[in-house]
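Here is a friendly walk through one model, written for someone who likes to know the cut-offs behind each term. Please keep the viewer open as you read.

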Amino acid sequence: MSTSAVRAAGPFHALLTSRAVIAVGGPDWRGYLQGLVTQDVETLQPGEIRFAALLTPQGRLLFDLFLIGHEGGCLIDCAAEHRPSLLQRLKMYRLRAKVELAEADTEVSALWNAAEAPAGFAPDPRAAGLGFRGYGAPAPADATATGEAAYERHRFALGLPGPADWGHDRSYPIEANFDLLGGIDFRKGCFVGQETTSRMKRRGTIKSRMAPIAFDGPSPEPGAGLLSGGLRAGQVASGFEGGAMALLRLDRLAEGAMTLEDGRTWRVNWPDWMARAAGNNP
């Protein structure tokens with residue numbers, strides 16, 4: 001069997017050790033979260049996963065989140081390294097609300113190239129093809145165990161940025177395509193950072209977005225510039241041999257020859273979901 005055939009097989013299962021879980025409960029949990037995060041919580045159903053974020057008051061991305069509904073509350077899937085600071089911030093916003101917040105030992109896992117979601121898994125809501133996320137669920141018997149790095153390559157192959165690309169208090173959620181990936185509900189009412197986020201959306205033309213790029217050879221260091229016709233047209237976020245995620249200046253992509261700082265050429269690999277969702281302004 002060829003290598004490409006092996007890579008196309010599946011399903012694959014990976015524990016996402018970079019993720020951790022916070023349990024949220026209490027009689028006021030829905031109203032409490034509804035006023036904080038970018039996603040609608042009032043209609044979150046048990047077993048459903050929704051992608052979201054908690055922003056700074058100025059509208060920058062602090063924490064990317066997955067909200068998982070269950071009876072009497074929800075789970076928050078967040079970056080493990082940021083769980084203590086997220087929990088601290090959530091407690092700061094709690095005030096007099098009757099809300100219970102606690103770290104949970106629940107393991108987070110991903111399952112992809114699977115025909116359907118087995119028990120304990122639900123569809124990743126961001127884009128078709130990502131597969132399913134599981135919370136404390138055993139790996140399916142027919143799944144090949146692999147590592148988180150394989151899942152990250154799968155995510156990148158579909159053109160989705162990740163936490164290493166948007167960082168902490170560094171990017172705006174629309175730059176990281178949260179609006180195209182179902183991570184922002186503009187109809188839900190107020191949330192922290194809403195004013196800046198809504199204003200960027202109302203402008204109609206987004207100046208910068210993250211997208212995958214391709215080139216020959218090793219990836220430049222994060223922060224390295226991308227040139228188009230001699231003008232700076234973006235910068236590399238995270239990368240590997242032959243490809244990287246980059247924050248691109250959309251108004252400068254047609255200025256001329258597209259080169260890295262070392263002279264190598266590069267091109268944008270617009271993912272299908274991004275082109276469809278963003279129309280003429282991917």
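## Terms and ground rules

A residue is called buried when its relative accessible area is under 20%, exposed when it is over 50%, and partly exposed in between, using a 1.4 Å probe and protein chains only. Helices (H or I, at least four residues) and strands (E, at least two) are DSSP runs, numbered from the N terminus.

This is a predicted model, in which local features need pLDDT of at least 70 and side-chain atom pairs count only at pLDDT 80 or more, while totals for chains, interfaces and linings use all residues. Residues are numbered from 1 along each chain as its sequence is written, and side-chain values use heavy atoms, with hydrogens and water left out.

## Helix α4 and Arg-155

Let's begin with helix α4. Its buried residues are Glu-148, Tyr-151, His-154, Arg-155 and Phe-156. Arg-155 belongs to this helix, which spans residues 148-157, and has a relative accessible area of 10%. Leaving aside residues up to four places away in sequence, Arg-155 is in contact (heavy atoms within 4.5 Å) with Arg-126, Leu-130, Leu-160, Pro-161, Gly-162 and Asp-165.

Whereas Arg-155 counts as buried, Glu-152 is partly exposed, with a relative accessible area of 28%. Just after α4, Gly-159 takes a positive phi of about 85°.

How many salt bridges does the structure hold? There are 15. One of them joins Arg-19 to Asp-64, with the closest N and O atoms 3.0 Å apart. Arg-19 lies in strand β2 (residues 19-25) and Asp-64 in strand β4 (residues 61-70), so this pair ties together parts that are 45 residues apart in sequence. Both ends are buried: Arg-19 has a relative accessible area of 11%, and Asp-64 has 7%.

Asp-124 and Arg-126 form another salt bridge, their closest N and O atoms being 2.8 Å apart. Asp-124 is buried at 6% relative accessible area, and Arg-126 is buried at 9%.

## The five-stranded sheet

Strands of a sheet pair through backbone hydrogen bonds, either parallel or antiparallel. Here, five strands form an open, antiparallel sheet in the order β3-β4-β5-β2-β6, where pairing requires that DSSP finds at least two bridges between two strands. The edge strands are β3 (49-55) and β6, each pairing on one side only. On average, neighbouring strands are turned by 30° against each other, direction ignored. Axes are lines fitted to C-alpha atoms, for helices over the stretch in contact, and angles run from 0 to 180 degrees between N-to-C directions.

Within this sheet, β2 pairs with strand β5 (residues 73-79) in the antiparallel sense over seven bridges. Ala-23 has Leu-75 of β5 as its bridge partner. Helix α3 lies across β2, β3, β4, β5 and β6, and runs at about 175° to β6.

## The six-stranded sheet

Another open sheet holds six strands in the order β15-β12-β13-β14-β11-β16, again with antiparallel pairing. β15 (258-260) and β16 (266-268) stand at the edges with a single partner strand each, so one side of each is left without a neighbour in the sheet. Neighbouring strands here are turned by 35° against each other on average, direction ignored.

Strand β12 (residues 225-228) pairs with strand β13 (residues 231-240) in the antiparallel sense over four bridges. The bridge partner of Leu-227 in β13 is Arg-232. Helix α4 packs on this sheet, touching β11 (208-215), β13 and β14 (243-249), and its direction makes about 45° with that of β14.

## Positive phi in two loops

Two loop residues are worth a look. Leu-95 has a positive phi of about 50° although it is not a glycine. Leu-95 sits in the loop between α3 (83-94) and β6 (100-104), and is exposed, with a relative accessible area of 74%.

Asp-169 is also not a glycine, yet has a positive phi of about 60°. Asp-169 is found in the loop between α5 (163-166) and α6 (194-202). With a relative accessible area of 41%, Asp-169 is partly exposed.

Technical notes. A salt bridge is a side-chain nitrogen of Lys or Arg within 4 Å of a carboxyl oxygen of Asp or Glu.
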